[in-house]
Amino acid sequence: MSAEKLRDLSQPIDIALLDATVEAFYATGSKDERAAADNILRDLKANPDTWLQVVHILQSTRSMHTKYFALQVLEGVIKYRWNALPVEQRDGMKNYISEVIVQLSKDEASYRSERLYVNKLNVILVQIVKQEWPAKWKSFIPDLVNAAKTSETICENCMAILKLLSEEVFDFSRGEMTQQKIKELKDSLNSEFRLIHELCIYVLSASQRPELIRATLSALHAYLSWIPLGYIFESPLLEILLKFFPRPEYRNLALQCLSEVAALNFGDIYNVQYVKVYHMFMKHLQAILPLNLNIPEAYSNGSSEDQAFIQNLALFFTSFFKLHIQILESAPENVSLLLAGLEYLISISYVDDTEVFKVCLDYWNSLVLNLYGSNHHFGHPALTPGLFGMKMDFLPRMVTGVKPEASERQKLYSDPMSKLRGLMVSRMAKPEEVLIVEDENGNIVRETMKDNDVLLQYKIMRETLIYLSHLDHDDTERQMLSKLSKQLSGEEWGWNNLNTLCWAIGSISGSMGVEQENRFLVMVIRDLLSLCEVVKGKDNKAVIASNIMYVVGQYPRFLRAHWKFLKTVVHKLFEFMHETHPGVQDMACDTFLKIVQKCRRKFVTVQVGESEPFVSELLSGLATTVKDLEPHQIHTFYESVGSMIQSETDPQKRGEYLQRLMALPNEKWAEIIGQARQSADILKNPDVIRTVLNILQTNTSVATSLGTYFLSQISLIFLDMLNIYRMYSELVSNNIADGGPYASRTSFVKLLRSVKREILKLIETFLDKAESEPHIGKQFFPPMMDPVLGDYARNVPDARESEVLSLFATIINKYKVVMQDEVPHIFEAVFQCTLEMITKNFEDYPEHRLKFFSLLRAIATYCFPALIQLSSEQLKLVMDSVIWAFRHTERNIAETGLSLLLEMLQKFQKSDFCNQFYRTYFMQIEQEIFAVLTDTFHKPGFKLHVLVLQHLFSVVESKSLTEPLWDTATVHHPYPNNAAFVRDYTIKLLSSSFPNMTTLEVTHFVNGLYESRREIGRFKNNIRDFLVQSKEFSAQDNKDLYAEEAAAQVEIQRQIMLSVPGLISPNEIQEEMADS
């Protein structure tokens, strides 16, 4: 192919040939031609000399695609090799790009026709500026401003460049540039902003050209969030923006700029200006959008510009009120306009657009928290000043228990808050527990998939409604009961209305006082039960049923205090368990489990007016209650009853209840085992296998809730279970041996393996939930040696159950050092054969991978001496497998491998084998950790990578290592200590891996690691900067590098939530509140 000539860069590139190749790739080529063109273009991009032809290409070609290709080549050089180029080449390219931009944007016609090309050139110029300015291109801003004054189209393009520069430095810089470089650029922009400011003011005052005015407003919008405040408040800028606001063609851009100004917060210096801006803004707004206008309707019928205006309006009000609402509420002359602004925002909150609602909801949430905070003291002094990241200077000082300004403030906001309650109730999002939904065809169906956005919205709305309830319990109760009575009367009857109302009622559980909550709930449940009787139709009844179940499930405190109500509710749930409408039975079983877990003691105590405990009555009618349920629902039901039995303190009664509960499954089990003793072939019947599986799953459910008290039941079936396990295992092996790998996918083999897995799961569940009494571990471990461990070792890989690994990991985690003598047996059975399965590639046997490393971690944590007893070959296998684990791209496996490595490093440091271990593995571990640290696929492991490196750099400075890490026989350079050797080794390792970094930069980084090894924050920042400098993590989403800080913020918020009644759902609070 003639295009091959393009690879020869010793002479000017053949432009016609390059055009043809690029066009073949983008547009005209066949599949083969496109592939060939792709190869050549990739090679050209990779060739370090291609960029020298960029100017020639840009000057000679007419093809836009070819120009873009040349600019891609240039962008790569600027990002990764710019500082290594000679000064004259850098200056030449800089001047050429600047000249082309000026030429193309000099006159209207060329600027409009070449707009996309100019935009791409602007991006390239800004990339160069990030490298050169301020140190090597001091005159950049003056040059730009002077060019802007020569023509209006050049000025328009200069605005585009300024906007790009601001976005690059302030919005996209985190993770792309080192913190020092970001600071340098920000300082330079700040110091030179006067020229930019003067240019913007001049254009906005003098120009009549719409495109230029829009470009200037757009550029200003990018700068307003960070420029020195004098440029905003001590210049005519705000008046100019307000002048443009009423004009439809500039309205949205002016409003975006005003929103940026509204979001600034620098104390009280500019309060007067803010009030003035707000007054003028509201005057203009009331002319554009009268307050009595139906905004939701206007939004749905409006153009995209109109809709954008409403969205921007929401952003303006929420930004302004978040930071400046107090200056409006403090002066009586501002109050009416403040209330008008809140009225606008409530109206906008009804707009049927998720994004608009999210913006409004975020503000309402912060406002009600603010109002609640000014009237209550949060118990956590450290949290009060900056609650949820908000300024809380307004928290009043308590003087003899009086809160002077709080009641006045609440009166001021009482009307908007009342309207806000109505809004929250009518738009309440669906909680996770509700399984019954309306589909797009208007049918009531069982939900098939959770919507995480809706769940997050529910969480914020619930929190907002709880604060609103605390601000005025009576208004909350009045509005909810009024809406419910309209459901009963039929005035507002509708699925959506009833749903949102009941979800809102359920969400405020725990926020009212006990007496008020009791009174409120009696009326709610009474009305809902009446509604169930009055309304006809299967779908309607399903909706009402789901709402009754959701509401009662949210109020365990009420149910514990009112036995008759609790009993009525449980009987209603039993009634729903016979209702075959999709989702109703599932929700009935889930709600029953939730209620039992919170009220369990009530069911085993004889209540007033009863002759026996409820659990006894329930067990008598058990068969009738569960007869219409599916197997998985029966399992949930059995777990619920197990939870009741677990709370019985009398061992004799507890044993009797358990016997009665398990009577049906045990009877069936005994029947099957009896028949199997006559003829084992009965166990091969698929129906019998399914019955066995069902019985085992029922046992697992009860074991989950009963824990230690399940011992008598599991002892009854344990040995028979192991016999079935052994038999089914042989059947599976024979099938796979005869039928090859495909046999493992047959329904018969899958069924057999389900039984094996359930047996392992049952044993694991029981041992995990039981108290860690050594005799239980000793009782169950020996009988499992051959049927489970021996079977795993003997089996073909496709027939090995990964649950074996998790079972023994659970046993070691539970019984710890007691199991130390058994570890060699476990190793012998599972280690070698599992490694052979999982080290061939990264894909096969995913379950075995994770569980194998969890088992290794349990052994390293609790039975470390067993690891030391391994031979050096076996330990090498362990270390290789750990390294292999953290190299894995599957996040769970990589994190388990890193946690295991950290555990082993710490344990070996304290052992007698410290020198031997670190001498063998230190360099390999360091090299491998740097490899994954700089690989973007492993970004989520950043926190653990940092901890491992911190350990390594600390251990060489510690007294644990008393021998040299280097091989004295081959390394003749006499290092004074291990720290000096590791420093030298690390510099060489990184210099060879990152040739784009200078030795000086690498040395600076390594020295920084040593200096900061005792301060994890500094150590981590040092590594983040290195990742940016090495160019491994540029221009990507780097939030994983900051995940730890985000997690700490979440924990602070949870502590705050615990101090506000109702914020943590009663069902999430630990068992100490579960009944007395």
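1. Contact, as the word is used in this note, means heavy atoms within 4.5 Å. The structure under review is a predicted model. In helix α34, the residues Pro 665, Lys 668, Trp 669 and Ile 672 meet a set of residues in helix α35, namely Val 688, Thr 691, Val 692, Ile 695, Leu 696 and Thr 698.

2. The geometry of this helix pair can be stated as follows. Helix α34 covers residues 663-678 and helix α35 covers residues 686-706; their axes lie 10 Å apart and the packing angle is about 140°. The two helices are therefore oblique to each other. Their crossing is left-handed.

3. The crossing of α11 and α14 is left-handed. On the α11 side, Ile 201, Leu 204 and Ser 205 take part, and they meet Leu 237, Ile 240, Lys 243 and Phe 244 of α14.

4. As to the overall fold, the protein contains 50 helices and two strands. Its C-alpha atoms fill a box of roughly 100 × 85 × 65 Å along the principal axes. The protein has 1076 residues, of which 54% count as buried. Among contacts with a separation of 6 or more, 74% come from residues 24 or more positions apart.

5. One annotated region deserves mention. An unreviewed UniProt entry lists residues 37-103 as "domain: Importin N-terminal". In the model, this span is 76% helix and 0% strand, and its end C-alpha atoms lie 32 Å apart.

6. Thr 66 belongs to helix α4, which comprises residues 64-80. With a relative accessible area of 0%, Thr 66 is buried. Leaving aside residues up to four places away in sequence, Thr 66 touches Leu 18, Asp 19, Val 22, Ile 57 and Thr 61.

7. Gln 479 is located in helix α23, residues 473-489. Its relative accessible area is 18%. Because buried means under 20% relative accessible area, Gln 479 counts as buried. Apart from residues up to four places away in sequence, Gln 479 touches Ser 418, Arg 421 and Gly 422.

8. The cysteines raise a further point. A disulfide is a covalent bond between the sulfur atoms of two cysteines. A search of the whole structure finds zero disulfides. Cys 589 is accordingly in no disulfide, and the nearest cysteine sulfur, that of Cys 532, is 17 Å away. For Cys 532, the closest cysteine sulfur belongs to Cys 502 at 11 Å, which is too far for a bond. The cut-off that settles the matter is 2.5 Å between the sulfur atoms.

9. Where do these two cysteines stand in terms of burial, buried or exposed? Cys 532 is buried, at a relative accessible area of 6%. Cys 589 likewise counts as buried, at 1% relative accessibility.

Methods: Residues numbered from 1 in each chain as written. Predicted model: local features only at pLDDT ≥ 70, side-chain atom pairs only at ≥ 80, totals over all residues. Heavy atoms only, no water. UniProt positions renumbered as here; feature names shortened; annotations may be inferred. Helix = DSSP H or I, 4+ residues; strand = E, 2+ residues; numbered from the N terminus. Buried < 20%, exposed > 50% of the residue type's maximum accessible area, 1.4 Å probe, protein only. Axes fitted to C-alpha atoms, helices over the stretch in contact; angles between N-to-C directions. Parallel < 35°, antiparallel > 145°, perpendicular 65-115°, else oblique. Left-handed = near helix turned anticlockwise from the far one by under 90°.
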